[in-house]
Amino acid sequence: MKLPNIPTPDEIIDKAFNRASKAASKVRSSKLHPRVKGMRIEEVRVQTACEVINSTFNRIVTETPIIEEMPEFYQDYIDIVVGVDQYKHSLGAVFWALGVLKQIESQYTSKIRKSDSLSAISIRKEAYGRIVSVVKRISDELDFLDFAKRELKHMPNINFNAVRVVIAGFPNVGKSTLLNNITDASPKVANYPFTTQGLQIGNYEMLYRQYQIIDTPGLLDRSINDMNEIELNAIAALEHLGNIIIYIFDPSETSGFYMENQYLLYSEIKKVFETPMICLFNKTDLLADKSIIEEYSEKIDDPIFETSINDLSKIDEIKKLIQDMGKEFAQEDQFTQYNLRRRHRKE
Ligand SMILES: Nc1nc2c(ncn2[C@@H]2O[C@H](COP(=O)(O)OP(=O)(O)OP(=O)(O)O)[C@@H](O)[C@H]2O)c(=O)[nH]1
Ligand SMILES: [Mg+2]
C-alpha cells in the first residue's frame with residue numbers, strides 16, 4: 001500500500017516560514033503605500049505559513065486511505081501490523097490541525113488588518129508561536145503515520161476478482177514449493193521451518209478466469225492469543241481471502257511435526273472457517289509405506305491428493321479441481337470486468 005510521505009514537524013515549519021518570508025519580500029518590494037505595507041507584510045506571512053502547512057496536511061488526509069472503506073482483509077492486516085485505532089487517531093489529529101490552522105489564519109490576519117505596522121509584528125509573532133505549537137502537538141501522530149507508511153509498504157496486493165486459494169499447513173511441509181509449482185511466483189524455499197515470513201502470492205489464468213494463490217507462513221496448533229504478527233496475518237488471509245483452502249500434510253514428518261498435531265490444526269481450521277478445503281499428503285517420495293496416509297485419509301471428507309516434489313503430474317488435477325470448486329466465486333465480478341474491457345475496446 002502506498003501512503004503519502006510524512007515530513008517531520010521541523011521540516012513542515014521550516015518550509016512554511018521560508019515560503020512566508022519569500023512572500024513577504026515580494027510585498028516589501030511592491031509599490032504599496034508605506035502606511036499599509038508593514039501590515040500587509042505580516043498578514044502575508046501568517047497567511048502563507050498557514051496555507052503551506054495546510055496543503056501538506058491536506059495531501060496527507062486525502063492520500064491516506066480511509067480504513068472503513070477497505071476490504072476486511074486489509075483492515076485486519078493494518079490492525080495487526082500497526083494498529084487500526086492508532087491509524088485512525090493519527091489521521092484524526094491531522095484533520096484537527098487543519099481546522100485549527102484555518103482558524104489561526106483568519107483570526108490573526110483580521111487582527112493584523114485592524115492594527116498598525118508596529119503591533120502587526122507582535123501579532124504575527126504570536127500567530128507564529130501558535131502555528132508552531134499546533135504542528136508540534138501532533139508530532140507523535142506524524143511520527144506514527146511515517147512508521148505506518150514504512151510498515152505497510154509491503155502489504156500484499158489482493159485481486160478481489162480472482163478465485164483465491166490460500167495454502168495452509170504446519171511449517172516446512174511444502175507450502176511454498178506448491179505455490180512455486182502451481183503459479184509463476186518464486187517464493188523462498190528452504191529446508192527449515194518458518195521460511196515464509198509474510199504472505200507470498202502467485203497468479204495464473206485459466207480459461208479467461210483469474211486465480212490467485214496465497215501462500216501463508218507455517219501455522220502451529222496453538223491458540224490465537226499465542227500467535228505472533230506473522231501467524232495472525234496468515235489467519236487473516238484464511239478468514240477473509242480464501243475461497244478455497246489447500247491444507248498440506250507432511251506424512252513423512254520430516255518437517256519435524258507429528259501427523260497428529262498436523263491433523264489437529266486441520267480440524268481446527270475446518271471448525272472455525274466454512275471455506276471449502278482440499279487436502280494434500282505431500283512428500284510421499286519419503287514414505288516407505290503408506291499406512292499413515294490411509295489412517296488419516298479415513299478421518300477426512302475433503303478431496304485428497306498424494307503429492308511429491310518429484311512428481312508434478314498432480315498439479316494439473318489440482319488446478320482442475322480448483323477450477324470446478326471456484327466456479328461459484330467471483331464469477332459475476334469476472335464477467336463484469338470482462339464486459340467492461342470489451343466495451344472499452346469497442347469505444
Ligand atoms: N522430499 C521432498 N521434499 C519436499 C517436498 N516438498 C517440499 N519439500 C522440501 O521441504 C522443504 C520445505 O519446503 P517449503 O516449500 O519451504 O515449506 P513451507 O511449508 O513453505 O515452509 P514454511 O514457509 O517454513 O512454513 C524444502 O527443502 C523443500 O524442498 C516433497 O514432496 N518431497
Ligand atoms: Mg513457505
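Good morning, everyone. Let me start with one pair of residues: Gly202 stands opposite Ile213 in strand E3. Before I go further, please keep in mind that this is a predicted model.

So, around E3. Strand E2, residues 200–206, pairs with E3 in the antiparallel sense, over 7 bridges. Another pair you can pick out is Glu205, which stands opposite Gln210 in E3. On the parallel side we have strand E1, residues 163–169, which pairs with E3 over 5 bridges. If you want a landmark there, look at Val166, which stands opposite Ile214 in E3.

Is strand E3 enclosed or open to the outside? Of its 7 residues, spanning 209–215, 5 are buried, so E3 is largely enclosed by the rest of the structure.

Leu207 is not a glycine, and yet its phi is positive. As a reminder, most residues other than glycine have a negative phi. Leu207 has its place in the loop between E2 and E3. Leu207 counts as exposed because it has 5 C-beta neighbours inside 10 Å, and the cut-off for exposed is 12 or fewer.

There is another residue of this kind to show you. Lys283 is also not a glycine, and its phi is positive, near 55°. You will find Lys283 in the loop between E5 and H10. Is Lys283 buried or exposed? Lys283 is buried, because 24 other C-beta atoms lie within 10 Å, where the cut-off for buried is 20 or more.

Leu286 and Ser308 are 22 residues apart in sequence, with 8.7 Å between their C-alpha atoms.

Let me zoom out to the domains. The assignment for the protein chain gives domain 1, 9–151, and domain 2, 163–340. Their C-alpha centres lie 50 Å apart. How many residues of each domain are in contact with the other? The answer is 6 residues of domain 1 and 7 residues of domain 2. On the domain 1 side, the touching residues divide into 4 nonpolar, no polar and 2 charged.

Here is a contact you can find by eye. Glu229 is in helix H8, residues 229–240, and it touches Ile80 and Val81, not counting residues up to four places away in sequence. Glu229 and Ile80 are 149 residues apart along the chain, but their C-alpha atoms are separated by 6.3 Å. Glu229 is exposed, because 11 other C-beta atoms lie within 10 Å.

In soluble globular proteins, nonpolar side chains tend to be buried together. Here the largest nonpolar core has 71 residues, and among those with the most contacts inside it are Ala49, Ile131, Val165, Ile214 and Tyr247. This core draws at least three residues from each of domain 1 and domain 2. For Tyr247, if we leave aside neighbours within four places in sequence, the contacts are Ala168, Gly169, Tyr266, Ile269, Met277 and Cys279.

Finally, the ligand. What surrounds ligand 1, and which residues are closest? There are 23 residues around it, and the closest are Gly174, Ser176, Asn191, Thr196 and Gly218. Helix H7, residues 175–182, gives the largest share of that shell, with 3 residues. By type, the shell divides into 9 nonpolar, 11 polar and 3 charged residues.

To close, let me leave you with two places to look at on the screen. One is the pair with positive phi outside glycine, Leu207 and Lys283: Leu207 is exposed, whereas Lys283 is buried. The other is E3, which has E2 paired in the antiparallel sense and E1 paired in the parallel sense.

Methods:
Residues are numbered from 1 along each chain as its sequence is written. Chains are lettered from A and ligands numbered from 1 in the order in which they are written. This is a predicted model: local features need pLDDT of at least 70, side-chain atom pairs count only at pLDDT 80 or more; totals for chains, interfaces and linings use all residues. A nonpolar core is a set of buried Ala, Val, Leu, Ile, Met, Phe, Trp, Tyr and Cys residues joined through C-beta atoms within 7 Å. Domain bounds come from an automatic or database domain assignment. Two residues are in contact if their C-beta atoms, placed from the backbone, lie within 7 Å. A residue is near a molecule or strand if its C-beta atom, placed from the backbone, lies within 6 Å of it. Helices (H or I, at least four residues) and strands (E, at least two) are DSSP runs, numbered from the N terminus. Ala, Val, Leu, Ile, Met, Phe, Trp, Tyr, Cys and Pro count as nonpolar, Asp, Glu, Lys and Arg as charged, and the others, Gly among them, as polar. Two strands pair if DSSP finds at least two bridges between them.
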